[in-house]
Amino acid sequence: MKKGGVFMQVEVSRRRFLQGTIAMSVVGSSAISATNLFASSEKSHSGVPESITTKTGTGEAKEVATLCEMCVNKCAAIARVENGVVTKLNPNPMFPKSKNMLCPRGNAGIQALYDPDRLKFPMIRVGEKGEGKFKRVSWEEAYEAILNGTDKFPGMAKILEEEEDNRSTFLFCAGEGMAEHTYKQFYSAFGSSNWLNHASICLQTVSSAYGVTIGGYPQADLDNAEYIVMGGANRAEAIVTPDTMDVFKRTKGRGAKLVCIDPRFTNTAAKSDKWLAIKPGTDLALVLSLTYVVINEDIYNKAYVEENFNGFDEYKKSVLDNKYTPEWAEKITGIKAKDIYEVAREFMAHAPRSVYYPGRRSTFAKSDFQLRRAMAIFQGLGGGIDTKGGLIFGKKLKLGKHAGLEPLYAQAEARAVEKVKKRIKGEAPYTDCSIVSGGGSWLTWRNRFLEGRMGYKVRGMFVYKHNPMMNMPNTKKTAEMLKKMELVITIDTMPSDTVMYADVVLPEATYLERTDPVKTFGGIEPSIAQRNKVIDPMFETRPVMEIMKGLTEKISKPLWEITKKYDEDVQDELAEAVKPAKVPENSESNATTAPVEPVKTVAEAEAELYEEFDLTIPFRHTQEEVNEHMVKSVYGEEAVKSLHEHGVFYPDMDKYYKATSVNEHQYYPENKKYYSVNGGKPKTRSKKVECNIANLAKKGVDPMPVWRDEYNFKVEEGKFRLLTGRHAQFTQSGTSNNAVLRDLIMENYVWINRRVAEKKGIKFGDRVEISSKVGSTQLKAYPTEKVAPDTLFFVHGFGEESEALTWAYKNGGNDNAVIEDVAEPVYGAASMHETNVEIRKV
Ligand code: SF4
């Protein structure tokens with residue numbers, strides 16, 4: 001890479017990185033030679049001596065307790081640091097959530113730190129938007145560009161001035177991560193109404209459906225369950241966390257039965273006792289028919305239902321009247337009626353120690369919200385809620401509060417959501433979906449923006465640890481959106497496809513270089529954990545807390561001037577504050593002709609009011625100071641010490657925690673575990689399972705789960721239904737450039753039924769193009785019997801277009817280049833399996 005000037009444009013020699021690969025493949029994943037990784041110009045910026053190596057030594061080393069950030073699970077790790085270099089990540093046995101496990105991705109976290117492609121310096125755009133041409137600047141120059149723009153793009157001050165202090169003219173979006181909380185504090189203080197997180201392209205429908213039906217998104221007590229139905233969660237293949245180990249090591253090891261429901265013959269299917277190959281998107285019909293069987297045969301837990309259900313009679317009537325029989329479901333789902341009878345009966349025979357696994361995946365079909373409601377109700381029919389061996393809520397340990405800032409700006413428009421003009425009772429209140437969640441609907445927001453249906457101008461956006469170019473269906477539209485945004489600021493560790501569309505790039509320190517907000521992890525064995533900084537940030541990267549400190553110090557006062565100019569509430573308050581004090585009528589002072597002094601000078605009044613708008617307030621303390629306050633105020637000094645030393649704390653940890661074998665530990669004694677926190681009841685306000693929710697009907701949503709004709713997906717003649725999914729060694733596109741993980745999965749292949757492939761003359765490894773109405777992508781073919789003739793599948797996270805990603809660039813196919821922008825109707829979540837595609841050999 002060039003020094004200064006055009007920095008990101010890849011004029012780098014790919015050969016240099018290939019040399020790096022050879023070094024890595026020789027020394028293996030636990031011992032990477034960093035010498036090669038830092039060869040070339042960046043070594044002079046890194047301050048890392050040429051002689052460093054991440055080969056683990058036997059000499060003295062510092063050990064730091066941290067938390068993994070390579071996926072959502074946040075397992076605890078111990079980083080080994082030798083001469084300032086992180087040489088090894090080991091599992092931390094003290095964290096109940098991760099039970100002494102660090103998966104391959106977790107081990108590869110070391111490469112996230114030493115990836116030669118990572119963002120190293122602040123940069124500003126010098127080429128055309130999306131071209132990836134940037135120049136290296138100082139932090140001060142980057143902040144200056146954000147505030148006042150350059151000849152290529154306007155700054156915040158100009159945009160906000162022209163929009164008369166409508167703070168909602170800036171969109172804030174974020175991916176999952178522990179520092180999201182800190183970033184969100186900036187959003188709250190800034191005062192925009194437009195916030196989008198990853199929920200609507202992830203777990204939105206699952207968490208909301210369980211929330212309204214049983215009062216929360218539960219965990220499954222797999223350690224004690226006897227019968228598990230796993231539908232839509234591919235635990236053996238898509239995410240291997242300690243819970244996955246529970247399923248396959250502990251649960252199956254002691255003879256529990258596992259039923260896998262999946263259109264594909266996955267690793268989970270291979271390890272299950274029964275695999276039911278279901279037609280994609282028809283799971284709701286299956287669950288309704290399971291419900292039919294247990295109601296019709298009277299095998300549900302009547303006492304539990306009587307005491308803990310609302311609206312059961314109506315639901316029962318609906319299920320029976322609609323004749324959701326297994327024979328009916330067989331025609332829709334492709335699963336044999338006899339199997340449905342068997343699963344329903346076995347599930348109830350084991351209840352309450354049976355689990356219909358809630359799933360941990362994005363929305364696949366339009367019926368997803370109702371599917372999850374039906375699953376939660378079905379679980380309740382066996383009484384397995386808030387109880388050992390069933391679905392549990394667990395306990396969450398409290399943390400202290402810390403100061404935030406949420407000023408109200410009179411000029412800030414409400415969130416950009418389009419309401420239907422004349423709402424008819426029982427119909428959706430919004431044009432794109434029925435309910436707008438806190439995280440919003442990314443897909444419909446983007447489309448409304450492109451179609452000019454926002455209600456006001458949105459002109460800029462902040463993007464934190466988020467890659468909408470890769471993770472949102474219809475990549476072309478996302479590119480169009482980013483091009484249309486006048487000011488795009490990205491905060492990230494890697495030069496992703498989205499970063500290529502930035503105007504200002506702020507390089508974040510990786511998780512091993514920062515302390516993140518302390519976090520409480522609820523469950524059967526609750527604890528608090530802290531990610532401690534392992535080494536100082538490399539290059540010129542900064543943690544979000546410091547990024548925000550510098551940014552707010554730069555922009556707060558100038559933007560306040562704009563607020564003063566346009567915000568009538570602020571003007572009124574200032575006028576009121578400097579009014580002369582009222583003098584009582586009979587006061588002696590009436591006699592004097594001297595003017596009455598105002599209570600405050602203008603400067604004093606302004607300074608006082610500014611305190612309510614001072615964007616720097618949430619960032620005045622270091623993350624370490626904030627964490628210490630939040631912990632010490634509740635648990636005292638010992639807890640702070642434990643979090644520093646061990647990364648983990650929970651009350652009585654010193655008494656409870658002990659090793660029970662080489663790799664097994666006790667965290668809580670059995671009688672102290674929180675299997676039940678609500679007396680075996682749901683956590684809804686009514687403490688009942690809500691079958692029939694009138695409020696949903698008011699928003700135009702079916703109040704009870706029912707099957708609708710529009711849920712049937714038609715695979716068009718000569719086409720295929722495209723399925724996508726995850727791979728356990730990759731976390732979406734976030735790890736796509738991780739060279740160590742690429743040793744485990746080099747690229748993605750499209751699964752095509754072997755007989756269909758034969759007819760089309762497609763052989764293993766042939767390059768094929770997958771295309772839909774919205775775009776196309778190319779990758780290699782994998783003919784197999786493990787997928788139905790009308791279905792294609794490939795894993796997500798490949799096929800990035802950013803040339804600055806040496807390993808990920810054009811490696812494999814990008815599913816979202818092909819997936820159409822279909823939104824699920826309740827929350828507007830992206831429905832990922834609703835696209836017809838074609839395949840051709842290239
Ligand atoms: S499951 Fe693996 S990647 Fe995820 S947090 Fe744990 S160690 Fe890290």
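A salt bridge is a side-chain nitrogen of Lys or Arg within 4 Å of a carboxyl oxygen of Asp or Glu. Arg 840 and Glu 769 form one, with N and O 3.3 Å apart. The model is predicted. Across the whole structure, a search finds 61 salt bridges.

- Arg 840 belongs to strand 29 (residues 836-841) and Glu 769 to strand 26 (residues 767-771), so their bridge ties together parts 71 residues apart in sequence.
- Arg 840 is partly exposed, at 45% relative accessible area. Glu 769 counts as buried, at 16%.
- Asp 503 pairs with Arg 125, and their closest N and O atoms are 2.7 Å apart. Asp 503 sits in the loop between strand 16 (487-492) and strand 17 (504-507), while Arg 125 is in strand 4 (residues 123-125), 378 residues apart. Both residues are buried.
- Glu 418 and Arg 453 also meet in a salt bridge, at 2.7 Å from N to O. Glu 418 is in the loop between strand 14 (391-392) and helix 18 (442-450), and Arg 453 is in the loop between helix 18 and strand 15 (460-464). They are 35 residues apart.
- Glu 418 is partly exposed, with a relative accessible area of 23%. Arg 453 is partly exposed too, at 23%.

**A salt-bridge network**

- Shared partners join Glu 69, Lys 74, Glu 176, Lys 465, Glu 508, Arg 514, Asp 516 and Arg 531 into one network.

**The ligand site**

- The ligand takes up the space of the second largest cavity.
- Residues surrounding the ligand include Cys 68, Cys 71, Lys 74, Arg 105 and Thr 241.
- The shell divides into seven nonpolar, three polar and two charged residues.

Terms used: Residues are numbered from 1 along each chain as its sequence is written. This is a predicted model: local features need pLDDT of at least 70, side-chain atom pairs count only at pLDDT 80 or more; totals for chains, interfaces and linings use all residues. Side-chain values use heavy atoms; hydrogens and water are left out. A residue is near a molecule or strand if one of its heavy atoms lies within 4 Å of it. On a 1 Å grid over the protein atoms alone, a cavity is a set of points where a 1.4 Å probe fits but cannot get out, and a pocket is an open set with protein on both sides within 12 Å along at least five of seven lines; lining residues have an atom within 4 Å of a point. A molecule sits in a cavity or pocket if more than half of its atoms lie within 2 Å of its grid points. Ala, Val, Leu, Ile, Met, Phe, Trp, Tyr, Cys and Pro count as nonpolar, Asp, Glu, Lys and Arg as charged, and the others, Gly among them, as polar. Helices (H or I, at least four residues) and strands (E, at least two) are DSSP runs, numbered from the N terminus. Buried means under 20% relative accessible area, exposed over 50%, partly exposed in between (1.4 Å probe, protein chains only).
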